[in-house]
Amino acid sequence: MNYLSVESVSKSYGPKTLFDKISFGLNKSQRIGLIAKNGAGKSTLLKIIMGKEIPDAGNITFRKDISVIYLSQNPLFDEESTVIEAIYNTNNPSLNAVRDYESALLEFENNYNEGTSVRLEECTAMMDKLEAWSVEAKIHEVLQRLKIAFLDKKIGVLSGGQKKRVALAKVLIDEPDLLILDEPTNHLDVEMIEWLENYLISRDLTLLLVSHDRYFLDSVCNEIIEIDAGKIFHYRGNFQYFVEKKAEREDMENAEVDKAKNLYRRELEWVRKMPRARGTKAKYRVDSFYEVKDKAFSKKIEEKLELSVKMTRLGGKILELIKIKKAYGDFKILDNFSYTFKKGEKIGIIGKNGVGKTTMLNMIMGLEKPDGGKIQTGETIVFGYYSQDGLTLNEDKRVIEVVKDIADFIPLADGSKLTAAQLLQKFQFNPDVQYNFVSKLSGGEKRRLYLMTILIKNPNFLILDEPTNDLDILTLSVLEDFLTNFQGCVLIVTHDRYFMDKMVDHLFVFEGNGIVRDFPGNYTEYREKKEMEERLLKKEETKIAIAEKVVEAKEEIPESTTNKKKPSFKEKFEFEQLEKEIAALEEEKAKLTELLNAGSTNHEDMIKWAEQIGTLENELDNKSFRWMELSDLM
C-alpha cells in the first residue's frame with residue numbers, strides 16, 4: 001500500500017542544484033533512512049514533502065486516508081502554551097479522551113461534588129468506548145523515557161534540547177500512519193536513543209527519517225535512499241548494506257567512466273579528422289560523441305576532509321584533576337574525583353542528560369570553578385574546545401573571512417603551509433561557497449566550519465562536546481580518521497555510539513550522586529558488561545525473593561509438619577532436569593539477544609525475536625522458582 005510518492009522533484013538555490021528530477025515512493029511498514037552530505041538538501045526535501053517549501057518542479061502525493069506527522073530539527077510551538085497543552089494539541093480522538101479523563105480526574109480529586117463525579121463518569125465511559133486505556137499507558141511511558149517531567153512549564157522557558165524532546169514525545173504519542181523525522185536522536189542521551197530504537201522497531205510504523213547516527217540507521221531502517229550529486233540512489237537494506245553496495249556502485253561508475261574516456265579519445269580523433277563529413281549520415285556519431293564526452297568527464301572528484309594540521313608539542317605534564325568536587329545544592333556532579341591524563345589518551349564521557357558531563361568540561365577549560373580540589377594543566381597544553389554552545393559564528397561574515405580572522409596561512413604537520421582558501425577547499429568548502437555569507441550555510445556546514453576554526457589553532461588536547469550533531473556521515477568518518485591519528489589527548493562527550501566505539505580507549509561513566517566510574521573499554525563493551533551485571537542482579541533478587549517466600553511458607557506450616565522430608569525419586573529427577581532446562585533456556589535467550597542487538601532488515605524477525613525473549617524470561621522465572629523450591633529439599 002503506497003503512502004507517499006515523490007515524482008521528478010527538483011530544487012535549486014541560484015546556481016546550486018540540490019536535486020534534479022528525483023523520484024521515490026514509501027509503502028506501508030517501510031522504514032527509510034535518507035542520507036546525504038551536509039548542504040545536499042536532506043532537510044529541504046523533507047520540508048518540500050511536508051509542503052513547507054515549494055519545489056522548482058515535480059509532484060508530492062500522499063495517500064488520502066492517512067495521517068502524517070513531521071518532526072523538524074527545530075520544532076516550533078506556541079511559546080505561551082504549557083508542555084502538557086502542546087502534547088495534547090491534537091485531533092486524535094483517543095488522545096483527546098485521555099486528556100479529558102485526566103483533567104476530570106484531577107478536578108474530581110481536588111473538588112469532589114456531583115458535577116465533577118458526573119464528568120468523570122462520562123470521561124471514563126468515553127475511554128472505555130475508544131479503548132484508550134492503553135493509549136494512556138503509552139503516554140506515561142513516552143514521557144517517562146524522554147525525561148519529560150516539566151509538564152506545567154511554558155514552552156518559552158525550555159532549552160532547545162527540551163523542546164526537541166517534547167516535539168518527539170508528541171509525534172510518538174500521536175502515532176500517525178506516516179512519521180517523518182529529521183534528526184530524531186539529537187539532544188537525546190544514549191539511554192533515550194536505545195529506548196527510541198527499540199520503540200520504533202517494535203511497532204508497525206512507516207518511517208522516513210534523516211539521521212547521522214549509524215547504529216540507529218542500521219537498527220531502525222530497512223531501506224536507505226541517498227542523494228548524491230543531485231541524483232537519488234536506492235538501497236534495499238539497512239545502513240551496513242548501504243555501505244557495502246555504495247562502494248560497489250562507485251567502483252562500477254568509475255570503471256564506466258574510465259571506459260568512456262578511452263572511447264572519447266577515439267571519437268575525438270574521428271571528429272578532428274572529418275570536419276567536413278558531418279552531414280546527416282554522420283550526425284548520429286556526432287551526437288554519440290557528445291554523450292560519451294559527458295560520461296567521460298562525469299567522474300566525481302572526492303574532496304577529502306584532510307585535517308593534517310600541525311599539533312603543538314606535548315610536554316611531560318598534561319592535565320591532572322585532584323579530588324575535584326562540584327555540586328549544585330544537594331545535586332552532586334563530582335565528589336573527590338581524581339585523574340591524571342596520559343599522552344595520546346582518548347576518553348569518552350557518558351551519562352544521562354543533566355548529570356554534569358558538560359560541567360566537567362567547562363571546569364577543565366576554566367569556564368566554571370570546582371567547589372573543591374585542584375585542576376593542574378601542563379605548560380605546553382593548548383586546548384581545542386568544541387562546545388555545544390560555542391557555535392557563535394558571525395552570520396554577516398563571509399566563510400573565508402571567518403578563517404582569515406584566525407590566520408591567513410595555516411601550518412600543516414608536514415611543514416608546508418596552506419592559504420585560508422586552500423584550507424577551506426580541503427574542508428569541502430568549494431570556491432563558490434567560500435564567499436557566501438555564513439548565514440547561507442546549512443546547520444551541518446556551520447558545524448563543520450566551527451570545527452575547522454578549532455582545529456587550525458594547533459591544539460594538542462581536544463575537548464569535543466557533542467561533535468557529531470548535524471555533521472554528515474562523510475565528515476564523521478574523516479573526523480574519525482583524523483582523531484585516530486591525532487597524537488594528543490582527546491576527551492569526548494557524544495551520544496553517537498558508533499563514533500564512541502571507534503574513538504575511545506576507555507570511559508568516564510557518570511553514575512550519579514558524584515560517582516564517576518573509569519571503565520576500560522568502549523561503549524558497546526560497557527553496555528554488554530552492564531547488561532550482564534543487571535542480569536546477575538536480577539537473578540540474585542529473584543533468588544532472594546524466592547528464599548523469602550519459602551521462609552514465609554515454612555513459618556505458616558505447623559511445628560509438627562516442619563520436619564524436612566526427603567525428596568522423592570520423581571523430585572530428584574525433576575530437579576536434575578530443571579538445571580539442564582534452565583541452562584538451555586539461558587543459552588537460547590543469549591542467542592536471541594545477540595540476534596536482536598545485531599539487527600535485521602526483516603522487521604517481522606525483530607518483533608518475533610523480542611516476543612520470544614519475553615516468553616523465555618517468563619519461563620526462566622517459573623523454572624527458577626521451582627528449582628529453588630526443590631533445592632531446599634535436596
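Tyr215 has a relative accessible area of 28% and is therefore partly exposed, a class that lies between buried (under 20%) and exposed (over 50%), for a 1.4 Å probe and protein chains only. The model is predicted, so local features need pLDDT of at least 70 and side-chain atom pairs count only at pLDDT 80 or more, while totals for chains, interfaces and linings use all residues. Residues are numbered from 1 along each chain as its sequence is written, and side-chain values use heavy atoms, with hydrogens and water left out.

The structure contains 15 aromatic pairs, a pair being two rings of Phe, Tyr or Trp (its six-membered ring) with centres within 6.5 Å. In one of them, the ring centres of Tyr215 and Tyr498 are 5.4 Å apart and the planes lie at 70°, so the arrangement is edge-to-face (planes over 60 degrees apart; under 30 is stacked and the rest tilted). This pair joins distant parts of the chain, with Tyr215 in helix 8 (residues 214–220) and Tyr498 in helix 17 (residues 497–503), 283 residues apart. Helices are DSSP runs (H or I) of at least four residues and strands (E) of at least two, numbered from the N terminus. Tyr498 is partly exposed, at 29% relative accessibility.

Phe519 and Tyr526 also form an edge-to-face pair, with centres 5.5 Å apart and planes at 70°. Phe519 is buried at 6% relative accessibility, and Tyr526 is buried at 8%.

Leu462 belongs to strand 17 (residues 461–465) and is buried, with 0% relative accessibility. Leaving aside residues up to four places away in sequence, the contacts of Leu462 include Gly384, Ile454, Phe482, Phe486 and Val490, contact meaning heavy atoms within 4.5 Å.

The axes of helix 3 (residues 93–110) and helix 4 (residues 114–130) come within 9 Å and cross at roughly 155°. The two helices are therefore roughly antiparallel, the class for angles over 145 degrees. Residues of helix 3 that take part in the contact include Ala97, Tyr101, Leu105 and Phe108, and those of helix 4 include Leu120, Cys123, Met127 and Leu130. The residues of this contact comprise 12 nonpolar, 5 polar and 3 charged, where Ala, Val, Leu, Ile, Met, Phe, Trp, Tyr, Cys and Pro count as nonpolar, Asp, Glu, Lys and Arg as charged, and the others as polar.

Methods
Axes are lines fitted to C-alpha atoms, for helices over the stretch in contact, and angles run from 0 to 180 degrees between N-to-C directions. Angles under 35 degrees count as roughly parallel, over 145 as roughly antiparallel, 65 to 115 as roughly perpendicular and the rest as oblique.
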